[in-house]
Amino acid sequence: MRVALPGRCLLPVVLAIGPAWAAAPPPTALPAVVAESPRTLQLDVVRSQIGFEVRTRFGQRIEGVFPRFEGRIEVLSDGRHQVHLKMFTRTVEIPGKERYTGWMRGPEFFDAGRYPFVEFDSLPYWPETVADGGGIDGRLTLRGVSHPETLKVEKAECARPGYDCDVVSRGTVQRGRYGMDSWQLALSDRVTFVLRARLSEASKP
């Protein structure tokens, strides 16, 4: 009596199924990621504004401006952005208040003679942050001291923020962390930088 081996019984079935496998279409490939060409967007220094606010202990708000500044946005190959801002302290002023202007430029505040500019360099962020609002983290350098800080961007009021409307952002810092610790009895320790940014029309997408 001869016993059939199980493998020999399954062989015809495997051979019958095999061609169906071979004819099955390959899985759909994922779309290739297209890298964006790195480019630079320039801040329109005519239509943009950078200023700051500090409050007295009595609730009075002192507002200052940086008449001279520079800014650019680097568009990275993965689509994220990085912003770089430079504000020149030798031109900082409190409009209409010459005495306050001199004090802001002096050694007790920005110390423009030793530290001629303030800089903010952001970490990479997705451009949706500008449209929807949110935080942009980066590093602020003030009076030669650097600390991580965050710019809080307001939700855009138009479809093309930076071109058809301002990109409005604010960043509040503790001035004592940067050696600006004079007049503590008269002034709050908090300084808020305010940016209303427009991009150069030459770089319009």
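Predicted model: local features only at pLDDT ≥ 70, side-chain atom pairs only at ≥ 80, totals over all residues.
Visitor: OK, so is F66 buried or exposed?

Guide: F66 has a relative accessible area of 2%, and because that lies under 20%, the residue counts as buried.

Visitor: And where does F66 sit?

Guide: F66 belongs to the loop that runs between β3, residues 61-65, and β4, residues 69-75.

Visitor: Which residues is it in contact with, if I skip the neighbours within four places in sequence?

Guide: With those neighbours set aside, F66 is in contact with I50, G51, F52, M87, F88, T89, V92, F110 and F193. To take T89 from that list, the separation from F66 is 23 residues in sequence but 7.1 Å in space, C-alpha to C-alpha.

Visitor: How far apart are F52 and F66?

Guide: Their C-alpha atoms are 8.3 Å apart in space, and the two residues are 14 places apart in sequence. F52 lies in strand β2, residues 49-56, and with a relative accessible area of 1% F52 is buried.

Visitor: Which aromatic residues form a cluster?

Guide: One aromatic cluster is made up of F52, F66, W103, F109, F110 and F193.

Visitor: And which residues touch the most other members in the largest nonpolar core?

Guide: That core has 39 residues, and those touching the most other members are F52, F66, M104, F109, F110 and F193. Strand β10, residues 187-197, supplies the largest share of this core, with five residues.

Visitor: Let's do ring geometry. How many aromatic pairs are there?

Guide: The structure holds seven aromatic pairs. One of them is F88 with F117, an edge-to-face arrangement with 6.4 Å from centre to centre and 75° between the planes. This pair links distant parts of the chain, since F88 is in strand β5, residues 81-88, and F117 is in strand β6, residues 117-122, 29 residues apart. F88 counts as buried at 11% relative accessibility, whereas F117, at 33%, is partly exposed. Another pair is F109 with F110, whose ring centres are 5.0 Å apart and whose planes meet at 75°, so this pair is edge-to-face as well.

Visitor: How buried are F109 and F110, in relative accessibility?

Guide: F109 counts as buried at 0% relative accessibility, and F110 counts as buried at 1%.

Visitor: What about charges, which residue lies over the face of F117?

Guide: K86 lies over the face of F117, at 4.5 Å from the ring centre. Elsewhere, the charged end of R80 sits over the ring of W126, 5.9 Å from its centre.

Visitor: New topic. Which cysteines does a disulfide join?

Guide: C158 is joined to C165, with an S to S distance of 2.1 Å, and the count for the structure comes to one disulfide.

Visitor: Is that disulfide left-handed or right-handed?

Guide: The torsion about the S-S bond of C158 and C165 is about -75°, so the disulfide is left-handed. As for accessibility, C158 is partly exposed at 22%, while C165 counts as buried at 10%.

Visitor: Now backbone torsions: which residues have a positive phi although they are not glycines?

Guide: D111 has a positive phi of about 50°, and R143 has a positive phi of about 55°. D111 is placed in the loop between α2, residues 98-105, and β6, and R143 is found in the loop between β7, residues 134-142, and β8, residues 145-153. D111 counts as buried at 8% relative accessibility, and R143 also counts as buried, at 14%.

Visitor: Last one: what pLDDT does the protein average?

Guide: The protein averages a pLDDT of 84, and 80% of the residues score at least 70. Over residues 1-34, however, the pLDDT is below 50, and beyond near neighbours in sequence that stretch has one contact in the model.

Technical notes
Residues numbered from 1 in each chain as written. Heavy atoms only, no water. Helix = DSSP H or I, 4+ residues; strand = E, 2+ residues; numbered from the N terminus. Buried < 20%, exposed > 50% of the residue type's maximum accessible area, 1.4 Å probe, protein only. Contact = heavy atoms within 4.5 Å. Disulfide = S-S within 2.5 Å. Phe/Tyr/Trp six-rings, centres within 6.5 Å; stacked < 30°, edge-to-face > 60°. Lys NZ or Arg CZ within 6 Å of the ring centre and 35° of its normal. Core = buried A, V, L, I, M, F, W, Y, C linked by side-chain atoms within 4.5 Å. pLDDT = per-residue confidence, 0-100.
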